Amino acid sequence: MSGPQFRLPADTLPDGRIDREAPLGFSFNGESFTGYAGDTLASALLAYGAFPLARSFKYHRPRGIFGAGAEEPNALVQLETGGYSQPNLRATQIELYGGLSAASVNAWPSVDFDLMRVNDWLSPIFPSGFYYKTFMGAGVGAGRWWRLFEPFIRRAAGFGRAPTAPDPDRYERMNAHCDVLVVGAGPAGLSAALAAANRGGRVILVDDQTEPGGDLLAGDRRIDDAPAMDWVAAALERLGAAPDATVLARTAVAGLYDDNFATAVESVGDRFGPGAPDHLPRLRLWRIRARQIVLATGAHERPYAFANNDTPGTMLGNAIRHYAGRYAVVPGRQALLGTDNDSAYRTALLLARAGIPVTLADARETPPSALADAARQAGVDVEAGCAISAVLGDRRVRGAKIGRVLPDGEISGALRPVEADLVGVSGGWNPALHLASHRGARPVWNEAQTCFVPDDLTALGLRTAGAVTGAGSLADCLEQGYAAGRDAARAAGRTKRTRKPDLKTDDGAAGAPIRPLWAVTGRQPGSRRGKAFVDLQNDVTVKDVALAARENYRSVEHLKRYTTLGMGTDQGKTANVIGLALMGVETGRSPEAVGTTTFRPPYTPVPFGALAGRDRGALFDPVRETPMFDWHAANGAVFEDVGQWKRPYAYRRDGESLEAAIGREVRAVRNAAGVMDASTLGKIDLKGPDVVTLLNRVYTNDWETLKVGRARYGLMCHEDGMIFDDGVTARLADDHYVMTTTTGNAVTVLNWLEMWLQTEWPELRVFATSVTEAWATATVAGPEARRLVSGLDSDIDWSDDAFPHMAVRTGTVLGAPARVFRVSFSGEASWEINVPAHCGPALWQALIDGGATPYGTEAMHVLRAEKGFIIVGQETDGTVTPHDLGMGWAVSKRKDFIGKRSWSRPDTARPDRKHLVGLLPLDSGTVLPEGGQIVADPEQEPPVTMLGHVTSSYKSPSLDGSFALALLKNGRNRMGDTVHVLRLDEGADAARVVAPAFYDKDGGRMRG
Amino acid sequence: MLLIRCPYCGLRDESEFSYGGEADIARPLEPETLTDAEWADYVFLRTNTKGRFREQWVHAHGCGRWFTLVRDTVTHAHGETGVFGGVEPEADG
Ligand SMILES: [Zn+2]
């Protein structure tokens, strides 16, 4: 690559925004380049010429930089490598930093030699809709074709690659509130922000560029007879002095949401690249709630289509103006500009000032005389009534042809060759109404400006100002901005009077209206014409739109899906309106009648890192530890996550397998004494005179008879009659109960109780309070458990007479106030000792010192399953009633309660529902797979009749064999039958259906 | 993200609230007297209103109170709020 020969000498156009004292080296596709501070990657590359730096999506044609901002369809790059890497960034939006490294994303094997160019030459067999028809068709073989072609197509279409290494960067989130949020810091946005700030409003002004100014950054505008950027500097100074105005540059609003909530991504460390100072986050996600919003988002220039309008060196006219004025880069020696409106004249004048010969083809028969005269005076060759017909050249613009253009875009008469290596095209302006669209604004077709403008959203606290409204003159932008800022501040309650500034602009004499031109379609006898593109990113041509129309894909949604128009990462910012207009031409409708698609957030892609912020790794979700956690961790506990809780799954001793540890723990509980940390059980304190009424309504069983000092097991159902939680509730005093819930449902149950108490039964005098974290709970279980708890320093009488099964006692243990429940989930005599959380470790240590074996959740699961005790969420799945589980004993017939009525519905009253049963594998060494499907005949031809599934399955140290619980269709009437449980891979295991209780069926041990 | 007016706390972000579905679904006082269809209507069926819709919300990450809110399901514009059980919020703070 030869030097930056297209960078203008320093004194050519003096008002640029680059710092020539600060050169920055960078690499692109492995080659070294130099740019300046203030450059974008695009401007720095263009200083070396408009060379191809991408291959197009479908035809793999060489593509160069086309635009200067968010509208860029071609110049997608992969920035940096490794964990820092980001795919599909637009070179036009990457701020240059020293050492930057980037590569083309869509070129295989390289930009210069692209194997896939064959798609271009074969394009007659890849018409629009090829993929759609070939792979989406319902016809026989479509799937086969897709399998055959998919790897090839994916490779060929490969946009950038997601990084595979973890992201090494930090991202931040900022919440902000303001009276007025102004989006866009061009003349309209600055004017709005000033007006709102002057009214005393709290203002946030955001702009995605490296510095405010918007269109004024091109450097060729004047306000009050001085460079317009002087006015920008003064405006920023005044905002800086305002009591509460924040200006955020490098910040792109990604989405607008209900009630004027906005998200915006600020580039912080990002602009320094991987070498950014450590204290800076890479990006900062702003979440802004604004009372009022002013959208001054400007407009994107659109091109018109002509043959080979994708040849590198073909650009948007206004992009050329910006590269010249802002970055002192003109990527050509001789320019041809094609326009159908006034805006190209500024580009022409600026290029002329830079010494570039310019031909300006104005499609209008009579260009505005003031503009044309000024241009001619500057040496510009103005060709009235003419349009660009074709660009010549393959990898670079080598010339062009222009001709007289008829109103429908057809060329009449002979074509005239024009010498040019830079082609600029100006087809009008598309207001950037994306953000307004996020808030539901309907795009309204403005015939005079031939563009869609957002409809009025004042009622939602949203105003628009400047080019987004279709405004063309600088004076209008300033005026509208002032009015919008003032009105927004007033609507936000800021009533301080302000005076409207009187600014003189350089808009000059009145211009002429646009003559809309969508595509130049000349038919030249004998000349083979190239493709004319509508959507550069997705390779949609003028012909494709016509084909869609012929095949009757006429609505905008069909047009999009059929041709992929506007479905790229640029969301068709330069393409959509032309596509719609051309469809309108084909079908005799206005663009508005064709319709526009709805823009949805984000406006430009947002990296996942910015959305995740700090919520990653250990901070992704809170971790909850019980007071005894440290002891568990120091004593071999293998933890499992139960919701956010870390619970010991089992305690491994040195050299012990997990299975051996579980077996040892189960035997310890069955033969001696075990202790389990049950602190995670949900605990809800219920106080008030009406607690018993509440319990009667939410539990399926009867609570009138529960005496103080006693506890009872209960099932809760939803109104559909299906179980959703269970647990023990104890009565501590007349009006004081403690309800326990499953670990995972603690919050859900409390919220559910609150909902009923507040919305349905506000007359019930009950306070429900979560006390889960207030208590540490140690469950001591086993034949030696009484001896062990009796050894604790306590005022509680532990004898069976004084403290029988299903009783609750309060007292002191180790000097701490304690609540003790004598309940059993293991089937052994068992005491749940609750002490204040900070006393948990001491209690635990005392029990260990007394000889208890710590056991984890898996041993607990085995113990309870041997007893046939259910776990909600394991034996139930939201389709299971108490009767299905054979728990009719826990259902009252005398009262109404939530869910009861549903059981008499025909489906829940069926006698042959799935019932809870036990399964004993015929081979007692086989542990049936949990979740395994149960069938009567594993050899049955599909579809196989499914009878149910295994819900819990363990090897039992107590039974000397394996066993399972299962939900089995009509299970209670299948006792003794043999069924088959399908393995997860292949084959099946036979098992005998038995009652769901395997150990100490009369319950003597837990009462003993 | 909606800005919702909790009758007890004032305007807060939607993320502080949980949605409770359609309001004014009273639990039948004598479920056993209902036909299956009537019961199913109470348990399962809700009006799918296009336009102004009275629904219930709870200020889950705030005061914990349930209240009713009229929301336009098309525009998300929200209107009057209501409280349950005659527990009136204190004067606007
Ligand atoms: Zn509240």
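What arrangement do the four donor atoms around the zinc ion form, and why?

Analyst: A caveat before the answer: this is a predicted model.

The arrangement is tetrahedral, because the four donor atoms subtend angles of 104 to 116 degrees at the zinc ion. The cut-off for that label asks that all angles lie between 85 and 135 degrees. For reference, the ideal angle for four tetrahedral donors is 109.5 degrees.

Now the donors themselves. Chain B supplies Cys6(B), Cys9(B) and Cys63(B) through SG, and His59(B) through ND1. These atoms lie 2.0 to 2.3 Å from the zinc ion. Along the chain, the donors follow the spacing C-x2-C-x49-H-x3-C.

Cys6(B) has 1% relative accessibility, so it counts as buried. Cys9(B) has 30% and therefore counts as partly exposed. The cut-off for buried is under 20%.

Next, the partner of chain B. On the chain A side, 26 residues are in contact with 26 residues of chain B. About 2100 Å² is buried between the two chains. Carbon and sulfur atoms give 49% of that area. In chain A, the residues that lose the most area to chain B are Glu719(A), Gln758(A) and Arg901(A). Together they account for 30% of what the chain A side buries.

Chain A as a whole comes next. Its 1008 residues include 57% that are buried. It has 25 helices and 49 strands. Its C-alpha atoms fill a box of roughly 115 × 70 × 55 Å along the principal axes. Of the contacts between residues at least 6 apart in sequence, 67% join residues at least 24 apart.

Domain 1 covers 173–299 + 431–491, domain 2 covers 677–855, and domain 3 covers 907–1007. Taken over C-alpha atoms, the centres of domain 1 and domain 2 of chain A are separated by 58 Å.

Strand 40 runs antiparallel to strand 41 (residues 816–821) of chain A, and six bridges join them.

Helix 7 of chain A is another element to inspect. The buried residues include Arg321(A), His322(A), Tyr323(A) and Arg326(A). Ala328(A) follows helix 7, with a positive phi near 55 degrees.

Last, a loop position. Gly82(A) sits in the loop between strand 5 (76–79) and strand 6 (86–90) of chain A. Its relative accessible area is 42%, which means it is partly exposed. Beyond its neighbours within four places in sequence, Gly82(A) is in contact with Pro163(A) and Ala165(A). Gly82(A) and Ala165(A) are 83 residues apart in sequence, yet 5.9 Å apart in space, C-alpha to C-alpha.

Technical notes: Residues numbered from 1 in each chain as written. Chains lettered and ligands numbered in written order. Predicted model: local features only at pLDDT ≥ 70, side-chain atom pairs only at ≥ 80, totals over all residues. Heavy atoms only, no water. Domains from an automatic or database assignment. Donors = N, O, S within 2.8 Å, 3.2 Å for Na, K, Ca; no water. Tetrahedral: all angles 85-135°; square planar, octahedral: opposite > 155°, others 65-115°. Buried < 20%, exposed > 50% of the residue type's maximum accessible area, 1.4 Å probe, protein only. Pairing = 2+ DSSP bridges. Helix = DSSP H or I, 4+ residues; strand = E, 2+ residues; numbered from the N terminus. Contact = heavy atoms within 4.5 Å. Buried area = accessible area lost by both parts, 1.4 Å probe.
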